[in-house]
Amino acid sequence: MAPPLSFVGWLGCACAAVAAASAEPEALATEVRPLGWIAFSARSPKGDWEIYAMRPDGSDKRNLSNSPDTEDFYPLFSRDGLQLLYRSMPRGQTVSGNDYGRQGRLMLARANGAEAHAVGGDGEFTWATWSPDGRQILTLQPKGFAIVDLVSKQVVRSFPRAGFYQQPTWSPDGAALVGVSNGFNTGWSIARMELATLRANAVSVADCCTPDWSANGERIVFSRRRPHAGENGGYGWTELWQAGADGQGAALVYAEDGRHLYGSHVSPDGRYVLFTGNLREDGDPANQGAPMGLLRWADAPAIAEHPRLRQVYPQAKAARVLALPAGHEPCWTSSQAPGLPR
Amino acid sequence: MAMVALVGLGWFLAPGPARAPFPADLGSVEVVAQLTEVPAGAVFHRELYHYATILRYEVVTCARGNLKPGEVIYVAHYDPWKPRAEAGDARAGQIGGTVRAFVAGDRHHLALASPLDDHYMGGLVDKYFGQHAGVTYWALRTDAE
C-alpha cells in the first residue's frame, strides 16, 4: 500500500530540511574560509597551551607560539592584524577562567608569531587591549587604567578604573572602552567608559562577561546569564547577547541549553560572532578549553533547538552554527599576516 | 582512675591554641563594630566565582582612624561564605581573622583599608547599592569580639 500523499509530502519536507541543515554549516564554512584568520589558545599535543591560528572555517591550523616550556594564552590581534599580544607563564601553571588577563607576562609578536618577546615582567600590563592604531595598549590594574606606549613602554595616561575589573576592550574608534564592572549594582556588569570624560554607563547588569565591540562601535556583544531557578548546580546557563553601547536595545544573539556561551568576539567585518561553547562553568581553560563556534550576526536571535529554550524564546530562529575546534578566548583578524611564513 | 581524672582536668584547664595578637599596623583603620544585618542574598556559597559582599556596620570603638562611635560604615568582605582564616588567596591577598560566619548583631574587631579599588578587583555584591556614598572599606582582618 502506497503511503498517503500527505505523508510523502511530509517526508519530502523533512528530508529537505535535514539536507539543508547539513548543507548549512558547509555553506557557512565556504563563506568564512577566506576571511582572514582566527587566533586562539589550545592545548598542544605535548600538553601545554599554545597560541594557534586557523582559517575561520577551522582549516589550516598552525602553531604560532611554538613554546612547549610555557603556557601561552589570551591572544589578541592588533586591529590591523599585523601584531599579536598574548600572555605566557611557566609550564604547569593553570590558566584561570577569570584571571587569565593578569596571569604571567605579556608577550608581543608579529601576527604570525615571529619575533615574540616579553613586554614587562610577571603581573605587569595586565588585561592589555590594543589601541586602534596598534601603537599603544590599555591596561587594567588595581590602581586604575593606564595607556602605555608600546615603543617607549611609558605610561602616557592613567585614570581611575571606577569599578571595572576585567576583560576591557578598546573601541574601534578609540573613544571608549567596554569591560566587566562591579559598579552597577551587580558584581558582573558590562559597562562602557568614555575616555574623554571618564563617564561610565551600564550596558547590561545581569551576570555578564567577555564583551566585544561591533565593527562600527555602536553595539556590544557579551555573555549574559539566563535567569534560572538553580539548575546546572546553581549556575544556570550563559547566552550571547547584544546591546547598544548606551545599554539600549538589549537582545539575544544566540542561546543553547546545556552549554555556556563565552568568549564572544565579533569578526572584523561585523558580520559574524565567534564564541566558545562551554560545558563547564569556568570556560574550562584548566583542561582543554571548549569547542568554538561562529554564526552570522544577521541570523540573531537564534537558539539551538530545545523545548525549554523554545519556551523562553518563541520567536528565535533555529541556529545555523559552524562548529570549530576546542580553544579559549578566540580572536579574529581580516589580515593575511598570521598565515605568512615566520 | 585518679590519674585519668587529673589528666582530664589538665586538658580542660590547659590554654587553647594561642590567639594571634591583633596587628597594630594592618590597614589604615582599626575598629570594633557591630554588624547591623546580613541582607538576603548578600552571602552565598559560590565556588567558581570569587566575590566580595558589602556589609553594614555601626562603629563601637575606634583604635586607629577617624571614625566615631555610632558611625555607620560599609565594609567589603571577600568570599564571605568562607571562614575568614580560609578566605585569603592570590586574588584577595592578606585576608584573615577568627570570624567563621557573618551573623547579624555580632561585634567584630576589624582592620580595614581603603579605597576599595586599590585592594580588590573582582565581583562585588552590594545590597546597599545607591544607599551609600563615600568610602567603602576593604576588610583585611575580621576577629570575633
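**Reading the backbone**

Mentor: Start with T210(A), which is buried because 25 other C-beta atoms lie within 10 Å, where 20 or more are enough. Keep in mind that this is a predicted model. T210(A) lies in strand β16 of chain A.

Trainee: What is the phi of T210(A) near?

Mentor: First the general idea: most residues other than glycine have a negative phi. T210(A) has a positive phi, near 40°. Q167(A) also has a positive value, near 55°. Q167(A) sits in strand β12, residues 164-170 of chain A. Q167(A) counts as buried because it has 25 C-beta neighbours inside 10 Å.

Trainee: In which sense do β23 and β24 of chain A pair?

Mentor: They pair in the parallel sense, over two bridges. A302(A) has K317(A) in β24(A) as its bridge partner.

Trainee: How do I read peptide bonds?

Mentor: Most peptide bonds are trans. The bond from A300(A) to P301(A) is cis, with omega near 0°. P301(A) is in the loop between β22 (290-296) and β23 of chain A. The bond from S114(B) to P115(B) is cis, with omega near -5°. P115(B) is in the loop between β4 (107-113) and α2 (116-119) of chain B.

Conventions: Residues numbered from 1 in each chain as written. Chains lettered and ligands numbered in written order. Predicted model: local features only at pLDDT ≥ 70, side-chain atom pairs only at ≥ 80, totals over all residues. Pairing = 2+ DSSP bridges. Helix = DSSP H or I, 4+ residues; strand = E, 2+ residues; numbered from the N terminus. Buried ≥ 20, exposed ≤ 12 C-beta atoms within 10 Å, placed from the backbone.
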